[in-house]
Amino acid sequence: LLDTLLDFDTVKTMVMPQFKEVFDATTCSANPEVVTTIASGVSTVTLDKDSAVGIIPKGSFIKFSNHPKVYILSTEANLSSGTNPVVNFYPALVSEVTSGSFMNILSDCTFSYYRDVSDSRGITFTDGRLSNLGTINLLEAL
């Protein structure tokens, strides 16, 4: 257990938690495919409407299949419309996304992180026992 607690220099992953309202409004369960290559610094993507069906709401956390950065949609992706949806996300791409990559959603959107142990505010002990873990900061591992 102590080795696990001290293992702060190892990249760990977890499913990126979605906001409840966003999760409840999501009707798409598949990862849509990216239609064209997108250059680094761009913040829009065109998705293939034939690769998935349903709605991915504004506010959804997403991750592209070719790099570890997590983004958030700033517009809704309607994959049930007659055309390939173009959606915006934030922040702009940190690296190129190639056509044929996937926009990972829900449980496929994983967050890679390091634990920040430089700030231990909130940890309290009562009668020599840990009574509150306080706040733990996570740093995105890119």
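**Why the labels hold: rings, burial and contacts**

Colleague: Why is F89 called buried?

Modeller: F89 has a relative accessibility of 2%. Buried means under 20% relative accessible area, exposed means over 50%, and partly exposed lies in between, with a 1.4 Å probe and protein chains only. The value 2% is under 20%, so F89 counts as buried.

Colleague: What are the ground rules for the model?

Modeller: This is a predicted model; local features need pLDDT of at least 70, side-chain atom pairs count only at pLDDT 80 or more, and totals for chains, interfaces and linings use all residues. Residues are numbered from 1 along each chain as its sequence is written, and side-chain values use heavy atoms, with hydrogens and water left out.

Colleague: What is the order of elements in the protein chain?

Modeller: The chain has two helices and twelve strands. From the N terminus the order is α-β-α-β-β-β-β-β-β-β-β-β-β-β. Helices (H or I, at least four residues) and strands (E, at least two) are DSSP runs, numbered from the N terminus.

Colleague: What makes F64 and F89 an edge-to-face pair?

Modeller: Rings of Phe, Tyr and Trp (its six-membered ring) pair if their centres lie within 6.5 Å; planes under 30 degrees apart are stacked, over 60 edge-to-face, and the rest tilted. The centres of F64 and F89 are 5.5 Å apart and the planes stand at 65°, so the pair is edge-to-face. F64 has a relative accessible area of 0%, so F64 is buried.

Colleague: Which aromatic pair does Y71 form with F89?

Modeller: An edge-to-face one, at 5.3 Å centre to centre and 70° between the planes. Y71 sits in strand 5 (residues 70–73), 18 residues from F89 in strand 7. Y71 and F89 are both buried. F64, Y71 and F89 form one aromatic cluster. The count of aromatic pairs in the model comes to five.

Colleague: How do you know that K69 lies over the face of Y71?

Modeller: A charge sits over a ring if NZ of Lys or CZ of Arg is within 6 Å of the ring centre and within 35 degrees of the ring normal. K69 is assigned to the face of Y71, at 6.0 Å from the ring centre.

Colleague: Why is T26 called buried?

Modeller: T26 has a relative accessible area of 15%, so T26 is buried. T26 is placed in the loop between helix 2 (20–25) and strand 2 (44–46).

Colleague: What does the side chain of T26 reach?

Modeller: The backbone oxygen of V22, at 2.8 Å. A polar contact is a pair of N or O atoms within 3.5 Å; within protein, one must be able to donate a hydrogen and the other to accept it, and residues adjacent in sequence count only if both atoms are side-chain atoms. Beyond four places in sequence, T26 is in contact (heavy atoms within 4.5 Å) with I55, P57, S60 and L106.

Colleague: Where is L106, and what is its phi?

Modeller: L106 is in the loop between strand 8 and strand 9. Its phi is near 50°, a positive value in a residue other than glycine.

Colleague: Why is E76 called partly exposed?

Modeller: E76 has a relative accessible area of 45%, so E76 is partly exposed. E76 lies in the loop between strand 5 and strand 6 (77–78). Its contacts, leaving aside neighbours within four places, are I55, I56, P57, K58 and V87.

Colleague: Why is S112 called buried?

Modeller: S112 has a relative accessible area of 10%, so S112 is buried. S112 belongs to strand 9 (residues 110–116). Not counting residues up to four places away, S112 touches V11, K12, T13, P68, L139, E140 and A141.

Colleague: Which peptide bond at P91 is cis?

Modeller: The one from Y90 to P91, with omega near -10°. P91 is in the loop between strand 7 and strand 8 (103–104).

Colleague: What share of the 142 residues is buried?

Modeller: Buried residues make up 31%. Of the contacts with a separation of 6 or more, 69% join residues 24 or more positions apart.
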